[in-house]
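Here's a quick briefing for anyone opening this structure for the first time. Have a look at the sequence and the model, then read on.

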Amino acid sequence: MDTKFNIQDLAELVARKNKISRKEAETFVRTFFDTISTYLLREKIVKVKGLGTFKMVEVSDRESVDVNTGRRIMIEGHSKVSFTPDNRSEEHTSELQSPG
């Protein structure tokens, strides 16, 4: 699935599916991801049964080329979030693409 969603898109889907206001749905979606973020910073891994696993992954320093100058540059390592869907959530991904 190559479809990308932002917070507002997810809130719209949640609002439609649950017959709640878009504002309530956006509050829920933002709170959900804020909570995941808080626990990821502390625990480095968060498993949500029926949805999947969020994990902090460390990316090492790497060398690259500045496209503007052609010079070699070093890109500092950083952390990123990885998500692996639960088997059950993979079965329901098509629901995100279909209207209400």
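Contact here means heavy atoms within 4.5 Å. With that in hand, residues 24 or more positions apart account for 34% of the contacts in the chain with a separation of 6 or more. Keep in mind that this is a predicted model, where local features need pLDDT of at least 70 and side-chain atom pairs count only at pLDDT 80 or more, while totals for chains, interfaces and linings use all residues. Residues are numbered from 1 along each chain as its sequence is written, and side-chain values use heavy atoms, with hydrogens and water left out.

**The overall layout**

- The chain has four helices and five strands; helices (H or I, at least four residues) and strands (E, at least two) are DSSP runs, numbered from the N terminus.
- Of the 100 residues in the chain, 13% count as buried; buried means under 20% relative accessible area, exposed means over 50%, and partly exposed is in between (1.4 Å probe, protein chains only).

**Helix 1 against helix 2**

- Two packed helices are described by the angle between their axes and the distance between the axes.
- Helix 1 (residues 7–18) packs on helix 2 (residues 22–43) at about 120 degrees, and their axes are 8 Å apart. That makes helix 1 oblique to helix 2.
- For the terms: axes are lines fitted to C-alpha atoms, for helices over the stretch in contact, and angles run from 0 to 180 degrees between N-to-C directions. Under 35 degrees counts as roughly parallel, over 145 as roughly antiparallel, 65 to 115 as roughly perpendicular, and the rest as oblique.
- On the helix 1 side, the contact is made by Ile7, Gln8, Leu10, Ala11, Glu12, Val14 and Ala15. Helix 2 brings Arg22, Ala25, Glu26, Phe28, Val29, Arg30 and Phe33.
- Those contact residues split into nine nonpolar, one polar and four charged. Ala, Val, Leu, Ile, Met, Phe, Trp, Tyr, Cys and Pro count as nonpolar, Asp, Glu, Lys and Arg as charged, and the others, Gly among them, as polar.

**Around the helix ends**

- Asparagine 6 sits in the segment before helix 1 and is partly exposed, at 37% relative accessibility.
- The side chain of asparagine 6 reaches the backbone nitrogen of glutamine 8 at 3.0 Å.
- Lysine 19, in the loop between helix 1 and helix 2, has a phi near 50 degrees, a positive value in a residue other than glycine. With a relative accessible area of 76%, lysine 19 is exposed.
- Lysine 44 also isn't a glycine, yet has a positive phi of about 75 degrees. You'll find lysine 44 in the loop between helix 2 and strand 1 (45–48), partly exposed at 42%.

**Serine 79 and its partner**

- Serine 79 belongs to strand 5 (residues 78–85) and is partly exposed, at 37% relative accessibility.
- Leaving aside neighbours within four places in sequence, serine 79 is in contact with Met56, Val57 and Glu58.
- Serine 79 and glutamate 58 are 21 residues apart in sequence and 4.5 Å apart in space, C-alpha to C-alpha.
- Their side chains are joined by a polar contact of 2.7 Å. A polar contact is a pair of N or O atoms within 3.5 Å; within protein, one must be able to donate a hydrogen and the other to accept it, and residues adjacent in sequence count only if both atoms are side-chain atoms.
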